[in-house]
Amino acid sequence: MNTIAVIGAGTMGNGIAHTFAQFGFNVNLIDISKENLQKGIDTIINNLDRMLAKEKISEKDKEQTLANISSFIDIPSGVKNVDLVVEAATENENLKLKIFSQLNDICDENVILASNTSSISITKIASVVKNQQRVIGMHFMNPVPIMKLVEIIRGYNTSDEVTEKIMKLSEKLNKVPVEVNDYPGFVANRILIPMINEAIETLYNGVAGVYEIDTVMKLGMAHPMGPLQLADFIGLDVCLSILEVMYNGFKNPKYAPCPLLVNMVQAGKMGVKSGEGFYDYAENKKAEKVSAQFV
């Protein structure tokens with residue numbers, strides 16, 4: 001594989017594009033919004049500058065990485081003559097089905113189609129593709145250039161050949177690929193998101209405050225960040241979406257979203273990206289100040 005198309009220039013998309021480009025692949029970064037596309041490129045530049053300042057890369061490495069990235073504002077142009085498409089659009093099932101239906105119509109049948117979805121069924125996504133054997137999940141972790149894990153999700157019809165190619169490709173990115181089967185939440189979020197939801201329930205029930213809950217998990221369980229801080233980092237809307245996928249998929253009440261989480265998302269308190277969640281990020285993006293509603 002030489003040329004990779006990445007659909008979506010948001011947090012995950014620009015991180016995936018950055019990573020492939022840094023390891024020598026030609027990358028077509030696609031977003032229908034010119035503004036989002038430019039923000040994605042700017043983020044890549046800023047992240048490369050940080051790596052340069054820490055002497056993890058050279059100036060030549062930075063220049064070559066940026067030279068490997070081309071930007072497009074439409075999917076047909078961006079996926080022309082590519083070997084792999086990685087969809088990293090918003091975590092919305094209908095949107096992903098629309099994108100993969102479009103890819104089915106415009107991509108050659110030998111092009112592997114991957115989704116970075118964190119919870120939506122790969123089998124469902126593949127249902128709109130004629131050759132379902134080539135559809136697979138590549139769930140990168142955030143921040144993509146740093147985190148080692150890639151969850152490789154096999155849909156019901158994903159072929160052994162495609163799975164092996166994507167496993168080997170992930171290793172070329174200096175990642176550790178882990179193969180999992182296609183069930184709601186896969187492995188990472190099936191374990192992580194219910195823990196976050198339980199932390200929110202603990203706050204909702206008045207057992208302890210935001211700072212106290214996060215401190216217990218950081219110091220007592222050696223987590224690098226507390227579950228409420230992590231929820232803010234992921235995005236509370238994303239956490240809610242994943243819980244809804246698991247709740248609808250398993251019909252098990254243990255996956256039901258906490259009412260506090262639902263209310264916060266409806267109120268626009270999404271975490272870091274909105275400026276407020278369980279913490280207040282008005283002054284900086286570090287979780288240092290608990291949101292006023294929880295003080």
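Q: Which residues does Met-12 touch, leaving out those up to four places away in sequence?
A: In this predicted model, Met-12 touches Ala-88, Asn-116, Phe-140, Met-141, Asn-142 and Val-144.

Q: Where is Met-12 placed?
A: Met-12 is in helix α1. That helix covers residues 11-22.

Q: Which strands does α1 lie across?
A: Helix α1 lies across β1 (3-7), β2 (26-30), β3, β4 (84-87) and β6 (135-140). Against β2, α1 runs at about 165°.

Q: How far apart are Met-12 and Leu-228 in space?
A: They are 20 Å apart, C-alpha to C-alpha. In sequence, Met-12 and Leu-228 are separated by 216 residues.

Q: OK, the sheet. What's the strand order?
A: The order is β3-β2-β1-β4-β5-β6-β7-β8. These eight strands form an open sheet with mixed pairing.

Q: Which strands are at the edges?
A: β3 (69-72) and β8 (176-181) are the edge strands, and each pairs on one side only. On average, neighbouring strands of this sheet are turned by 25° against each other, ignoring direction.

Q: β7 and β8: parallel or antiparallel?
A: Parallel, over six bridges, with β7 spanning residues 149-154.

Q: What stands opposite Val-178 of β8?
A: Glu-151 does.

Q: Switching to helices. At what angle do α2 and α3 pack?
A: Helix α2 (residues 34-53) packs against helix α3 (residues 59-67) at about 160°, and their axes are 10 Å apart. Angles over 145 degrees count as roughly antiparallel, so α2 and α3 are roughly antiparallel to each other.

Q: Is that crossing left-handed or right-handed?
A: The crossing of α2 past α3 is right-handed.

Q: Which residues make the contact?
A: From α2 there are Ile-44, Ile-45, Leu-48, Asp-49 and Leu-52; α3 supplies Glu-59, Lys-62, Thr-65 and Leu-66. By class, this contact of α2 with α3 has five nonpolar, one polar and three charged residues.

Q: And α9 with α10, what's the angle there?
A: Helix α9 (residues 210-221) and helix α10 (residues 227-234) cross at roughly 100°, and their axes come within 7 Å. Angles of 65 to 115 degrees count as roughly perpendicular, so that is how α9 and α10 stand to each other.

Q: Which residues of α9 meet α10?
A: Val-210, Ile-213, Asp-214, Met-217 and Lys-218 do, and in α10 they meet Pro-227, Leu-228 and Gln-229. The contact of α9 with α10 divides by class into five nonpolar, one polar and two charged residues.

Notes:
Residues numbered from 1 in each chain as written. Predicted model: local features only at pLDDT ≥ 70, side-chain atom pairs only at ≥ 80, totals over all residues. Heavy atoms only, no water. Pairing = 2+ DSSP bridges. Helix = DSSP H or I, 4+ residues; strand = E, 2+ residues; numbered from the N terminus. Axes fitted to C-alpha atoms, helices over the stretch in contact; angles between N-to-C directions. Contact = heavy atoms within 4.5 Å. Parallel < 35°, antiparallel > 145°, perpendicular 65-115°, else oblique. Left-handed = near helix turned anticlockwise from the far one by under 90°. Nonpolar A, V, L, I, M, F, W, Y, C, P; charged D, E, K, R; others polar.
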